[in-house]
Amino acid sequence: MLRSDVVSLDKRHLWHPYTAADEFALIDPLVVARAQGARLYDADGRSYLDGNAQWWVAGLGHNHPRLIAALKQQADRFCHVSLAGVTHEPAAHLAEELVAIAPAGLSRAFFSDDGSTAIECALKMAVQFWQQSGQSKKQRFVALDGAFHGETLGATSLGGVEIFRRPYAGLLFDCLRARPPYDESSFAETFAALSSLLKTANNQIAALVLEPLVQGANGMRIYAPKFLQAARALCNEHDVLLIVDEVFTGLGRTGKMWACEHAAIAPDILCSAKALGGGLLPFAATLATERIFDAFRGDRSRMFYYGHSFGGNPLGAAVAREMLRVFADEKILDGITERSDRIAHTFSALGNISGTSRPRALGMIGAIDLPSANGYHSSIGWRVFEEAKKRGAYLRPLGDVVYVTPALNIPLSDLGELLQIVRESVISAAG
Ligand SMILES: *Cc1c(COP(=O)(O)O)cnc(C)c1O
């Protein structure tokens, strides 16, 4: 099929996520025909460095040969059975392997499809846990300003990015709100606010839900690990569950396996997705402690009333297992040290360009603001995108935030090239 046929069919029938229809109608999009490692290849043969690992899923780059082999091997055996009263090797082993690397105390894995379902699962798990522990009033959630936890209504209710909530506001359940300390000086104030909230409302609160350390979709906003430690301590003090959403931050993105490790804390429930499926398949896990699981023991009425058709899909589980093995064999975390230094150095230098602010970096994340009155609807990020595309990189912005979240194992030469393109594109668009 011709490239132009793909584009014209797309424009007639496809509906794109987070994409302005009339704007998209005017552009000639990237038509990906192949992807390998840190690069996407257009149908016309040009290559593009993948600046965001395709919305943060391709942690080990595209088409890692070992992940493709694991997928094929499992496909030859069987592609799907549900975990409804049966089990299979990929799911059982993956559950064991995930709890082995998870923060201390997480001992049970519930599998679903994506980040949003991992969150929905955590919310229902928390509420039913309290119900079956004799505290049925504990049904509310505390979520952070600027939070993003996914697209389903429960996850959107937790969300604190106003622009993503607005069209659906009438449908969302009401959350209690806390503010993370985006800068050092606001720690005392944010801590006091969270503390008094949990103190006064703990008999209604099922859980505090947060993205540990980095709020991804909120424009890569980073806050201090000591807020996580404070959150853990306050949750303990007031008997509130702590749910951490590691859908973006988990599996090495921040330079440690889990962002929680930067604060040496463990949650009661942890959500993982995105890179868990190796960038090949949607796959998610909600990990919980034995304390939570125990509340679901007993007669049939106490079962967890939750499960998606494809939960624990054998193909996804087999790929996730191989992803973890590659992670260990290729010493992915060790390789991040040098890469993250380069990212931090580049973004810090970008902060000297006029029209930029708040350069920041953590692990395999680098971001900078190109402040604009239009915020998320600003066109400056898209100008950087176009400049980067001309130079051979895919650099989708988050509104007026330009960022990179490349594959954790991006070859150093590719990373150098990507960062050079980021530099030139920001200068060209902002200057
Ligand atoms: C992307 C994301 C989600 C939602 O995951 P999907 O797979 O898109 O449903 C949830 N939480 C965080 C922190 C995310 O970054």
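This is a predicted model: local features need pLDDT of at least 70, side-chain atom pairs count only at pLDDT 80 or more; totals for chains, interfaces and linings use all residues.
**Entry 1: the whole protein**

I began with the overall build. The protein has 15 helices and 16 strands. I then looked up its extent. Along the principal axes, the C-alpha trace spans about 60 × 55 × 45 Å. Next came the radius of gyration. For 431 residues, a compact globule would have a value near 22 Å, and the protein has 22 Å, so the two agree.

I turned to burial and surface. Of the 431 residues, 53% are buried. The protein exposes about 18600 Å². Carbon and sulfur atoms supply 54% of that area.

I also checked how contacts run along the chain. I took the contacts between residues at least 6 apart in sequence, and 71% of them join residues at least 24 apart.

**Entry 2: the ligand**

Which residues are around the ligand? I noted Trp 56, Asp 114, Gly 115, Ser 116, Phe 148, His 149, Gly 150, Glu 211, Asp 245, Val 247, Phe 248 and Lys 274. I sorted this shell by residue type. It divides into four nonpolar, four polar and four charged residues.

Ser 116 has a side-chain N or O atom 2.6 Å from an oxygen atom of the ligand. Asp 245 has one 2.6 Å from a ligand nitrogen. For Lys 274, the distance from a side-chain N or O atom to a ligand oxygen is 2.7 Å. Taken alone, the ligand exposes 380 Å², and the protein buries 85% of that.

**Entry 3: helix H3**

I looked at backbone angles here. Most residues other than glycine have a negative phi. Ala 53 is not a glycine, yet its phi is positive, at about 50 degrees. Trp 55 also has a positive phi, about 55 degrees, although it is not a glycine. I placed Ala 53 in helix H3, which covers residues 53-56. Trp 55 lies in helix H3 as well.

Trp 55 has 36% relative accessibility, so it counts as partly exposed.

**Entry 4: Thr 286**

I found Thr 286 in strand E12, residues 284-289. Its relative accessibility is 0%, so Thr 286 counts as buried.

What does Thr 286 touch, leaving aside neighbours within four places in sequence? I listed Arg 108, Ala 109, Phe 110, Ala 118, Cys 121, Ala 122, Met 125, Ile 269, Leu 270 and Cys 271. The side chain of Thr 286 reaches the backbone oxygen of Ala 118 at 2.9 Å.

I also looked up Glu 120. Thr 286 and Glu 120 are 166 residues apart in sequence. In space, their C-alpha atoms are 9.5 Å apart.

**Entry 5: Ser 340**

My last stop was Ser 340, in helix H13, residues 332-350. Why does Ser 340 count as buried? Its relative accessibility is 15%, and buried means under 20%.

I looked for a polar partner. A polar atom of the Ser 340 side chain lies 3.1 Å from the backbone oxygen of Thr 337. I then set aside residues up to four places away in sequence. Ser 340 touches Gly 363 and Met 364.

Definitions and conventions: Residues are numbered from 1 along each chain as its sequence is written. Side-chain values use heavy atoms; hydrogens and water are left out. A residue is near a molecule or strand if one of its heavy atoms lies within 4 Å of it. A polar contact is a pair of N or O atoms within 3.5 Å; within protein, one must be able to donate a hydrogen and the other to accept it, and residues adjacent in sequence count only if both atoms are side-chain atoms. Accessible areas come from the Shrake-Rupley method with a 1.4 Å probe; for residues, only the protein chains shown count as cover. Ala, Val, Leu, Ile, Met, Phe, Trp, Tyr, Cys and Pro count as nonpolar, Asp, Glu, Lys and Arg as charged, and the others, Gly among them, as polar. Helices (H or I, at least four residues) and strands (E, at least two) are DSSP runs, numbered from the N terminus. Buried means under 20% relative accessible area, exposed over 50%, partly exposed in between (1.4 Å probe, protein chains only). Contact means heavy atoms within 4.5 Å. The radius of gyration is taken over C-alpha atoms; the globule rule is 2.2 Å times the number of residues to the power 0.38.
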